[in-house]
Amino acid sequence: MAKQDRPLGRRSLLSGAAAVAGGAAVSTALPASAQAAPRPAAASAAATAVDTATTPDYITVQPSDPRFPDLVRGINQRWVADPDYVRLVTTTAQAVRAVQDAVAAGKRLTVRSGGHCYEDFVFNKDVQVVIDMSGMTRVYYDEGRNAFAVEGGASNLQIYETLYKLYGVTLPAGSCASVGAGGHISGGGYGLLSRLHGLTVDHLYGVEVVTVDRNGTAKAVVATRDSGDERLRDLWWAHTGGGGGNFGLITRYWLRSPGATGTDPTKLLPKPPSEVFVHATAFPWKDMTEASFTRLLQNWGTWHEQNSAPDSKYNSLFGLLKLNQKASANSEIVLLTQMDATVPNAQALLDDYLAAVSAGVGVTRRAMTQRAGEHAAMPQFAKPRTLPWYIATDYLSGGNPTLYGKYKSAYARKGFSAHQIKAMYKHLTRTDYSNGDALLQVDSYGCRINSVKPGDTAVPQRDSVLKLQYQTYWTNPADEAKHLAWIREFYKDVYAETGGVPVPNEINDGCYVNYPDKDLGDAAWNTSSTAWNSLYYKDNYARLQKAKATWDPKNIFRHAQSVRLP
């Protein structure tokens, strides 16, 4: 998720409530006494009611409580709810009880993990109960399942710190520190290590979910990739990219890489590089012509087409090309790069990459002196610097919970068409719209991500080499209309050849469910014949609907773009 100018590397009060990046997926975990228990027998892994008779009380926050305003909004200040109450849970049993209470009372519920949902899937006018996961943030090695357990409210940075400092391993998850596991993992989860280690869901072993059956009974269910029961396996699979807020309240995940053997926890998940290069450079907009902009975008696309195979010598390199809107004479296009500094000839590889991206652009690169999306100015990285991996990860995190924002996404299987580049230049240089907090970020993708088949997880986009995120931010709610108009017109123009949205073809490959965009379902902005669910899920949608019918037959967990019952 995009963040802006948050002081880097610290944890906020609610960072443990990490993001529901694709909707209202939730998470909770078992009481401490049960967390290291032996693995339950196969028969007990199916849906089992949790005894709530002796469950400790959860915390209920009413509108009169001074905490209420903090608990009814997320990072995006566009979305504020007015529920009857907020429940904060700390155990799986409490989560079951909270869901059961809401269902029994006929109240519409949503779940907050970290609050990073881009749309109003959690905080909206219809919600009557918000179940908040802020109290469920544990990350630990579960001997019983021989996997790492991550509670749904744990933040990315909490996960990284525990896994790396205690065990020397990590997950290839997102860079935003406060994004939460609940929604991030269920939507797929990618970050700066994904070209090297795949998506986060490629390492998902199991999930614990509070579901509601046809009788309205809430139960805690454990499903793993080893589940012999097809229904349970479908539930596990649905959480490998199906998105949040679709099937139940996620209390915790278990992570173990496929093929990992033995019981040594230091060998169950990927190891990050011990040191990485961090480099930030900028192309001044004042020196950029349409021809130089076109060459830069062509270079970026061509380089990724040529260097995104699973075993590429560049699979540890992740670049972020930040095409900031030309809002002033000081505006910049920024290139931010992280790469494993320990691979053979690392410096030469990095130099060659920078030369290839800059070739023929005709603009002298300089230090990054302006904020770009979630990253503050980084002039100290004008020359590549070597940092320990965790320090770099902490430094590159951030967020600003005071902004209003709108986002759109796309996958790209290859470099952009001439029409797409022309449209990008047009809207980034428009003189009737000036916003230093508007940009198109084009991320590196591919490599090990594309070593997994489209149907092995719920994430179907497995041959793209670039991932795009359109972003705009503002601080005055009265300005919303002009900012929405710009990003909507921008996006529709870029994909005018395919009905205003990135319909899968030789270049495009749909949209990312963790960057939800309700406009995809609006005929005013999507004039193609491809529905929003096909843009997110492609051919995997039917299996997601099957899981929905099995595990949420009453459609308790729903939002504007939740998986529909078949």
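Trainee: How are helix 7 and helix 14 oriented to each other?

Mentor: This is a predicted model, so the angle is read from predicted positions. Angles under 35 degrees count as roughly parallel, over 145 as roughly antiparallel, and 65 to 115 as roughly perpendicular; the rest count as oblique. Helix 7 (residues 230-238) and helix 14 (residues 541-551) pack at about 120°, their axes 9 Å apart. Helix 7 and helix 14 are therefore oblique to each other.

Trainee: Is the crossing of helix 7 and helix 14 left-handed or right-handed?

Mentor: Helix 7 and helix 14 cross in a left-handed way. On the helix 7 side, the contact is made by Glu230, Arg231, Leu232, Arg233, Asp234, Leu235, Trp237 and Ala238. On the helix 14 side, the contact residues are Arg543, Leu544, Lys546, Ala547, Thr550 and Trp551. Sorted by class, the contact of helix 7 with helix 14 has seven nonpolar, one polar and six charged residues.

Trainee: At what angle do the axes of helix 8 and helix 9 cross?

Mentor: Helix 8 (residues 290-306) and helix 9 (residues 346-358) cross at roughly 135°, and their axes come within 7 Å. Helix 8 and helix 9 are therefore oblique to each other. Helix 8 brings Leu296, Asn299, Trp300 and Trp303 to the contact, and helix 9 brings Tyr353, Ala356, Val357 and Ser358. The contact of helix 8 with helix 9 has six nonpolar and two polar residues, with no charged residues.

Trainee: How are helix 11 and helix 12 oriented to each other?

Mentor: Use the cut-off again: over 145 degrees counts as roughly antiparallel. Helix 11 (residues 418-428) and helix 12 (residues 480-494) pack at about 160°, with 8 Å between their axes. Helix 11 and helix 12 are therefore roughly antiparallel to each other. The crossing of helix 11 past helix 12 is right-handed. The contact takes His419, Gln420, Ala423, Met424, Lys426, His427 and Leu428 from helix 11, and Trp486, Glu489, Phe490, Asp493 and Val494 from helix 12. By class, the contact of helix 11 with helix 12 is made of six nonpolar, three polar and three charged residues.

Trainee: Which residues of helix 11 are buried, and what covers them?

Mentor: A residue counts as buried when its relative accessible area is under 20%. In helix 11, the buried residues are Gln420, Ile421, Ala423, Met424, Tyr425, His427 and Leu428. Their cover includes helix 8, strand 11 (318-324), strand 16, strand 17 and helix 12.

Trainee: Which residues of helix 12 are buried, and what span does helix 12 reach?

Mentor: His483, Leu484, Trp486, Ile487, Phe490, Tyr491, Asp493 and Val494 are buried in helix 12. Among the elements covering them are strand 15 (404-412), helix 11, strand 16 (438-444) and strand 17 (466-474). As for span, the 15 residues of helix 12 reach 21 Å from the first C-alpha to the last, close to the 21 Å expected at 1.5 Å a residue.

Trainee: What does phi look like at Cys447 and at Lys538?

Mentor: Most residues other than glycine have a negative phi. Cys447 is not a glycine, yet has a positive phi of about 55°. Cys447 sits in the loop between strand 16 and strand 17, and is buried at 0% relative accessibility. Lys538, also not a glycine, has a positive phi of about 55°. The place of Lys538 is the loop between helix 13 (532-537) and helix 14. With 22% relative accessibility, Lys538 counts as partly exposed.

Trainee: Where does Leu163 lie, and which residues does Leu163 touch?

Mentor: Leu163 is in helix 4 (residues 156-167). Leu163 is buried, at a relative accessible area of 1%. Not counting residues up to four places away in sequence, Leu163 touches Val139, Phe148, Gly168, Val169, Thr170, Leu171 and Leu269. Leu163 and Leu466 are 303 residues apart in sequence, and their C-alpha atoms are 28 Å apart in space.

Trainee: What is Ala98 in contact with?

Mentor: Ala98 belongs to helix 3 (residues 92-104) and is buried at 0% relative accessibility. Leaving aside neighbours within four places in sequence, Ala98 is in contact with Tyr58, Arg87, Val89 and Ile131. Ala98 and Glu489 are 391 residues apart along the chain, and 42 Å separates their C-alpha atoms.

Technical notes:
Residues are numbered from 1 along each chain as its sequence is written. This is a predicted model: local features need pLDDT of at least 70, side-chain atom pairs count only at pLDDT 80 or more; totals for chains, interfaces and linings use all residues. Side-chain values use heavy atoms; hydrogens and water are left out. Axes are lines fitted to C-alpha atoms, for helices over the stretch in contact, and angles run from 0 to 180 degrees between N-to-C directions. Helices (H or I, at least four residues) and strands (E, at least two) are DSSP runs, numbered from the N terminus. A crossing is left-handed if the near helix is turned anticlockwise from the far one by less than a right angle, and right-handed if clockwise. Contact means heavy atoms within 4.5 Å. Ala, Val, Leu, Ile, Met, Phe, Trp, Tyr, Cys and Pro count as nonpolar, Asp, Glu, Lys and Arg as charged, and the others, Gly among them, as polar. The expected span of a helix is 1.5 Å times one less than its number of residues. Buried means under 20% relative accessible area, exposed over 50%, partly exposed in between (1.4 Å probe, protein chains only).
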